[in-house]
Amino acid sequence: SDRRGEANTLQDLGNVLADKGEWECAIQILSESLKIAREIELEMVEAGVLNKLGEIYAHFGDFDRAAIYYTQSAEIYLQYNNMSRSIPLNNLGKVA
């Protein structure tokens with residue numbers, strides 16, 4: 001659907017912005033992707049966005065917020081037995 005494509009595109013854009021250090025814009029774009037992903041139940045997009053948001057907040061030293069995002073991401077991956085769950089769990093270990 002168009003919403004699926006929008007969520008994926010926003011996720012990709014948010015990831016690129018974060019990788020370029022454009023944190024504030026990345027958070028806004030990723031938050032919009034997260035909202036759409038939750039509305040239309042795109043769990044893997046949701047998990048990926050949550051992990052990236054965790055990375056951003058960890059970068060700024062907000063480890064409590066990062067841990068929340070990492071945990072939510074890992075729970076989604078675990079629910080679907082997706083091997084990507086190791087990524088947010090590894091990240092969670094860095095901020096716990």
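These legends walk through a few close-up views of the predicted model shown above. Residue numbers start at 1 along each chain as its sequence is written, and side-chain values use heavy atoms, with hydrogens and water left out. Because the model is predicted, local features need pLDDT of at least 70 and side-chain atom pairs count only at pLDDT 80 or more, while totals for chains, interfaces and linings use all residues.

**View 1**
Follow the sequence and you get the pattern α-α-α-α-α. Helices (H or I, at least four residues) and strands (E, at least two) are DSSP runs, numbered from the N terminus. Of the 96 residues, 42% count as buried. Here buried means under 20% relative accessible area, exposed means over 50%, and partly exposed is in between (1.4 Å probe, protein chains only). As for contacts (heavy atoms within 4.5 Å), residues 24 or more positions apart account for 49% of those in the chain with a separation of 6 or more.

**View 2. Trp23 and Phe60 form an aromatic pair.**
The structure holds 2 aromatic pairs. The rings of Trp23 and Phe60 have centres 5.5 Å apart and planes at 85 degrees, so this pair is edge-to-face. Trp23 sits in helix H2 and Phe60 in the loop between H3 and helix H4 (63-79), so to speak a link between distant parts of the chain, 37 residues apart. For the rules: rings of Phe, Tyr and Trp (its six-membered ring) pair if their centres lie within 6.5 Å, and planes under 30 degrees apart count as stacked, over 60 as edge-to-face and the rest as tilted. Trp23 is partly exposed, at 23% relative accessibility.

**View 3. Tyr57 and Tyr69 make a stacked pair.**
Their rings are 5.6 Å centre to centre, with 10 degrees between the planes. Tyr57 belongs to helix H3 and Tyr69 to helix H4, so the pair ties together parts 12 residues apart in sequence. Tyr57 is buried at 12% relative accessible area, and Tyr69 is buried too, at 19%.

**View 4. Arg65 has its charged end over the ring of Tyr57.**
That charged end is 4.6 Å from the ring centre. A charge sits over a ring if NZ of Lys or CZ of Arg is within 6 Å of the ring centre and within 35 degrees of the ring normal.

**View 5. Glu41 has a positive phi.**
Its phi is about 60 degrees, although Glu41 is not a glycine. Look for Glu41 in the loop between helix H2 (23-39) and helix H3 (43-59). Glu41 is exposed, with a relative accessible area of 58%.
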